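Trainee: Could we walk through this structure together? I'd like to start with the charged side chains.

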Amino acid sequence: MSHNRADKWLNVRTMVTLAMLAAVAWVVTYLCKVIPSVNGFLDFEFKSVVICIGGFTLGPAAAIILSILVPVVEFFTYSGTGPFGLIMNIAATASFCCTACYAYKRQHSKQGAVIGLAAATVAMTVVMVLWNYLITPLYQGTPREVIAGMLLPVFLPFNLTKGGLNMAATLLLYKPVVTALRRAGLVPPSQSGQSKKFSGGFVLFALALLITFVLFALVLLKII
């Protein structure tokens with residue numbers, strides 16, 4: 001992102017775009033409630049895809065704002081997990097989206113996106129394994145020793161799978177969504193100088209990644 005672009009990101013057009021992305025992320029998370037939960041309270045959801053698209057386009061500051069705003073709106077609307085659930089929601093979303101967007105800002109390319117999203121998956125997994133141990137007993141009423149026994153067989157694979165799903169979906173959707181936003185005049189034109197073509201190999205890689213993590217999710221949900 002150029003200096004002038006960074007100086008102008010917090011303008012009316014950008015605020016409208018952020019509000020739109022927040023609304024889309026909120027709806028996406030609500031729709032994801034039809035997906036069964038793992039162990040009764042671990043939910044697969046894809047708001048991080050929307051937030052990463054916003055952060056890749058508008059910068060890490062946008063990812064920070066959306067990572068806080070969307071969970072707060074969820075908290076005051078349909079979330080039933082209480083304040084501790086809100087904290088966990090923000091921690092999971094921010095650790096994934098901010099890591100991915102910061103890495104992508106440093107290396108503004110397809111390779112940078114892959115590296116950033118992979119790092120984000122690892123970061124979210126580490127953060128959530130730790131935070132599940134510390135905070136989950138406080139609002140789930142489950143003894144800490146029980147939670148400790150779930151860290152490796154449940155929380156670790158769940159967060160890796162959730163991160164992988166969001167990674168693959170972001171890689172697949174980023175280019176078409178951002179192209180539509182640019183045509184609508186909601187985000188500025190690309191200044192990276194990167195090729196605008198979405199190569200077949202890259203799409204196949206993202207699809208293979210998505211299929212792999214969908215299968216992992218089905219295993220965790222005990223469907224296959």
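Trainee: Is Glu45 buried or exposed?

Mentor: Quick background first: this is a predicted model, where local features need pLDDT of at least 70, side-chain atom pairs count only at pLDDT 80 or more, and totals for chains, interfaces and linings use all residues. Residues are numbered from 1 along each chain as its sequence is written, and side-chain values use heavy atoms, leaving out hydrogens and water. Buried means under 20% relative accessible area, exposed over 50%, and partly exposed in between (1.4 Å probe, protein chains only). Glu45 has a relative accessible area of 9%, so Glu45 is buried.

Trainee: Which side chain meets Glu45 in a salt bridge at 3.1 Å, N to O?

Mentor: Side chains of opposite charge can pair when their charged atoms come close. A salt bridge here is a side-chain nitrogen of Lys or Arg within 4 Å of a carboxyl oxygen of Asp or Glu. At 3.1 Å, the partner of Glu45 is Lys47.

Trainee: How many residues apart in sequence are Lys162 and Glu45?

Mentor: Their side chains also meet in a salt bridge, at 3.2 Å, N to O. Lys162 lies in helix H7 and Glu45 in the loop between helix H2 (12–31) and helix H3 (47–58), so the pair ties together parts of the chain whose separation is 117 residues. (Helices, H or I with at least four residues, are DSSP runs numbered from the N terminus.)

Trainee: Which residues do salt bridges with shared partners join into one network?

Mentor: The structure holds three salt bridges. One of them pairs Lys47 with Glu74 at 3.2 Å, N to O, and that pair links helix H3 to helix H4 (residues 60–76), 27 residues apart. Shared partners make one network of Glu45, Lys47, Glu74 and Lys162.

Trainee: What relative accessible area does Lys162 have?

Mentor: Like Glu45, which is buried, Lys162 counts as buried. The value for Lys162 is 11%.

Trainee: Now over to helix H8. Is Ile211 buried or exposed?

Mentor: Ile211 lies in helix H8, residues 200–220. Its relative accessibility is 52%, so Ile211 counts as exposed.

Trainee: How many residues line the largest pocket?

Mentor: A pocket is an open set of points on a 1 Å grid over the protein atoms alone, with protein on both sides within 12 Å along at least five of seven lines; lining residues have an atom within 4 Å of a point. Phe41, Asp43, Thr81, Asn89 and Lys162 lie nearest the centre of the largest pocket, and its lining residues number 28.

Terms used:
Helices (H or I, at least four residues) and strands (E, at least two) are DSSP runs, numbered from the N terminus. On a 1 Å grid over the protein atoms alone, a cavity is a set of points where a 1.4 Å probe fits but cannot get out, and a pocket is an open set with protein on both sides within 12 Å along at least five of seven lines; lining residues have an atom within 4 Å of a point.
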